[in-house]
Amino acid sequence: MSKGFNLGIEDLTHLLSGFISQDDVLWIRNDNADEQVYVSPSYEHVWGRSCSSLYENPTGWNETILDKDRPRITKEMNFRYSSESISTDCSLINFRIVRPDGSIRWIRDRCFSLFSPDNQRIAYMGIGSSVSKKTWEDGVNITHVDENFSGILSKLLKASKTSTSNTKNQEHS
């Protein structure tokens, strides 16, 4: 993994297992946003595509965006992953996808930058939630996702800092 991101996938999935539902897709991308580090199995339920297809083609999910939404989402994603957006604030993007069976899903995607103890961005983490059309159109806040995401982020950062500290202590021993 990139720049001090010391949690293994097994550790990460164990930390996060109680926080995501079948309609919430947890994802992690590397610090350049060009490698899919992790995607939860619920990706297959929500997107109707295999997780392995996303690992093989990390931009593959982008091809599923409804044509009408694609220009806006491309612009928002370019900003999300730019150096101008470095912050711990949440990025929220709403869009629609077309599944292989032709059905449409409404997605609310939240993303945070994850930082090392020395304040270097090490990854992006987010949850893409399949929401109802009414929720998506009304812009209603999904409280359980916000609460879960805050808990996930806190646990992940705490574990990452502990792992980084332990690694540094072992190096100095």
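Colleague: Let's start with Asp109: buried or exposed?
Modeller: In this predicted model, Asp109 has 5% relative accessibility, so Asp109 counts as buried, the cut-off being under 20%.

Colleague: And where does Asp109 lie?
Modeller: Asp109 is part of strand 4, which covers residues 104-115.

Colleague: Which backbone nitrogen lies 3.5 Å from a polar atom of its side chain?
Modeller: That would be the backbone nitrogen of Gly128.

Colleague: What else does Asp109 touch?
Modeller: Leaving out residues up to four places away in sequence, Asp109 touches Trp27, Met77, Arg80, Ser91, Leu92, Ile93, Phe95, Ile127 and Gly128.

Colleague: Let's turn to helix 4. Which of its residues are buried?
Modeller: The buried ones in helix 4 are Ile73, Met77 and Arg80. They span an arc of only 55° around the axis, so they sit on the same side of helix 4.

Colleague: New topic, aromatics. How many aromatic pairs does a search of the whole structure find?
Modeller: The search finds two. In one of them, the ring centres of Tyr43 and Trp47 are 5.2 Å apart and the planes are at 20°, so this pair is stacked.

Colleague: Why are Tyr43 and Trp47 separated by about one helical turn?
Modeller: Because they are four residues apart in helix 2, residues 42-47. Tyr43 counts as buried at 2% relative accessibility, and Trp47 counts as buried at 4%.

Colleague: What about Trp61 and Phe95?
Modeller: Trp61 and Phe95 form a tilted aromatic pair, 5.8 Å centre to centre with 45° between the planes. This pair links distant parts of the chain, 34 residues apart: Trp61 is in the loop between helix 3 (51-56) and helix 4 (70-80), while Phe95 is in strand 3 (residues 91-98).

Colleague: Are those two buried or exposed?
Modeller: Both Trp61 and Phe95 are buried.

Colleague: Last one. What is phi of Ala33?
Modeller: Phi of Ala33 is near 60°, a positive value in a residue other than glycine. Ala33 lies in the loop between strand 1 (24-30) and strand 2 (36-39), and at 12% relative accessibility Ala33 counts as buried.

Technical notes: Residues are numbered from 1 along each chain as its sequence is written. This is a predicted model: local features need pLDDT of at least 70, side-chain atom pairs count only at pLDDT 80 or more; totals for chains, interfaces and linings use all residues. Side-chain values use heavy atoms; hydrogens and water are left out. Rings of Phe, Tyr and Trp (its six-membered ring) pair if their centres lie within 6.5 Å; planes under 30 degrees apart count as stacked, over 60 as edge-to-face and the rest as tilted. Helices (H or I, at least four residues) and strands (E, at least two) are DSSP runs, numbered from the N terminus. Buried means under 20% relative accessible area, exposed over 50%, partly exposed in between (1.4 Å probe, protein chains only). A polar contact is a pair of N or O atoms within 3.5 Å; within protein, one must be able to donate a hydrogen and the other to accept it, and residues adjacent in sequence count only if both atoms are side-chain atoms. Contact means heavy atoms within 4.5 Å. The arc is that of the directions from the helix axis to the C-beta atoms.
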